[in-house]
Amino acid sequence: MTDEQNTGTTGDERSNAARRPTRRKSLDEHIVEMDGIVALAPSARCRSLGAVRLTGAAALILGAAVMAVGFVITTLCLILAPDLLSAVLTEGNDAAPGVGEQTLTYGACAFAVGAGATALGFTVLGAARRRVDTHGALTTADLAAAPKNLADPFRRAVTAAETIRSSVAYREHWMTDVDLDAALWDLAQHVQAGTRLHAELKAAPDGPEYRGQIDQARAAHAECLMHVRGGADRLVGLAQRVEAFDRELSEPARRAELEKSRELRAQRDAERAARLSVVVTEVEAIEPALGGVVDRATGVLDAYDELPKNPSELHG
């Protein structure tokens, strides 16, 4: 199988990707990609978990740098002065250490501190990954194990989502309230479910008593396929429309018209919201007189109902 078949991309798609403006990804996005994660559940995309990943990455990078510096210093000291190590180990407490001994000590301490920070970074990143696995994620391994008719459309959807993210329209907030991660996670769940159904159908029993369950599983599998394919097609179509809109934004005159229209729409929406608030305030300020009137009238009628019904009883 070729690389083109593995990724599900064509030459035209690659050429379009080459012409597409690149987007600078955040450090957390790079960490997630390096961890082999393709799509995350909404609960796994919380800021607190992202902060944990950044903390772990910072500790790992800083620790590795400090450890490398300590290793270089220690190695150079031992190469240039092989007797320094024995001098440091055998020197009495009262003796003042020389420059070489101090340098060797500092290098060894830096190496130890860096190693500890690196281990801490790995631990924190491992804990974050376990938390992600608890919430839900689609990994590159999951995608590699998925059937081709599920994996290829999902890869197309990921490419389309990245096209939208890289667009001027998306980055400059011409498109508001567009959660691409939620859309990808929707498709990712169907990929996971479809993969499990595919495996279970291959191992399903052949007995006639299981025919109903097998037919139901096949229908669910077909629904997963249709959902992933249809979702990918919709995202690809959306990406094409976004690219067309980007071309409009690249024309100064058209961009000025669109900006003016956006300002007018925002102003109109603000005015409508203000009028709505005024009406709500007016409704809340209405005197609730009806209830009191009905209660008083009901009381009078109740009093009349308590009077004797026979006229003779009135004179008795």
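Helix α4 (residues 47–80) supplies the largest share of a nonpolar patch, five residues in total. The structure discussed here is a predicted model. Phe111 is found in helix α6 (residues 99–135). With a relative accessibility of 36%, Phe111 counts as partly exposed, because anything between 20% and 50% falls into that class.

Stepping back to the whole chain, the fold is built from 14 helices and two strands. The chain runs to 316 residues, and 25% of them count as buried. Its accessible surface comes to about 20900 Å², with 60% of that belonging to carbon and sulfur atoms. As for contacts with a separation of 6 or more, 75% are accounted for by residues 24 or more positions apart.

Helix α8 (residues 148–166) and helix α10 (residues 180–202) have axes that come within 10 Å and cross at roughly 175°. Angles over 145 degrees count as roughly antiparallel, so α8 and α10 are roughly antiparallel to each other. On the α8 side, the contact is made by Leu150, Phe154, Ala157, Val158, Ala161, Ile164 and Arg165. The α10 side brings Leu180, Asp181, Leu184, Leu187, Ala188, Val191, Gly194 and Thr195.

Next come the charged side chains. Side chains of opposite charge can pair when their charged atoms come close. The structure holds eight salt bridges, and some of them share residues. In one case, Lys148, Asp152 and Arg155 are linked in a network of salt bridges. Within that trio, Asp152 pairs with Arg155, and their closest N and O atoms are 3.2 Å apart. Asp152 and Arg155 are three residues apart in helix α8, which means that about one helical turn separates them. The two partners fall into separate burial classes: Asp152 has a relative accessible area of 13% and is buried, whereas Arg155, at 22%, is partly exposed.

How accessible is Arg255, in relative terms? Its relative accessible area is 21%, so Arg255 is partly exposed. Glu172 is likewise partly exposed, at 34% relative accessibility, and Glu259 counts as partly exposed at 31%.

Asp142 lies in helix α7 (residues 140–145) and, at 31% relative accessibility, counts as partly exposed. Which residues does Asp142 touch, leaving aside its neighbours within four places in sequence? Asp142 is in contact with Ala137 and Gln192. Gln192 is 50 residues away from Asp142 in sequence, but their C-alpha atoms are 7.6 Å apart in space. Glu33, for its part, has its place in helix α3 (residues 27–34). The relative accessible area of Glu33 is 40%, so this residue is partly exposed. Between Glu33 and Thr140 there are 107 residues of separation in sequence and 9.2 Å in space, taken from C-alpha to C-alpha.

Terms used
Residues are numbered from 1 along each chain as its sequence is written. This is a predicted model: local features need pLDDT of at least 70, side-chain atom pairs count only at pLDDT 80 or more; totals for chains, interfaces and linings use all residues. Side-chain values use heavy atoms; hydrogens and water are left out. Helices (H or I, at least four residues) and strands (E, at least two) are DSSP runs, numbered from the N terminus. Buried means under 20% relative accessible area, exposed over 50%, partly exposed in between (1.4 Å probe, protein chains only). Axes are lines fitted to C-alpha atoms, for helices over the stretch in contact, and angles run from 0 to 180 degrees between N-to-C directions. Angles under 35 degrees count as roughly parallel, over 145 as roughly antiparallel, 65 to 115 as roughly perpendicular and the rest as oblique. Contact means heavy atoms within 4.5 Å. Accessible areas come from the Shrake-Rupley method with a 1.4 Å probe; for residues, only the protein chains shown count as cover. A salt bridge is a side-chain nitrogen of Lys or Arg within 4 Å of a carboxyl oxygen of Asp or Glu.
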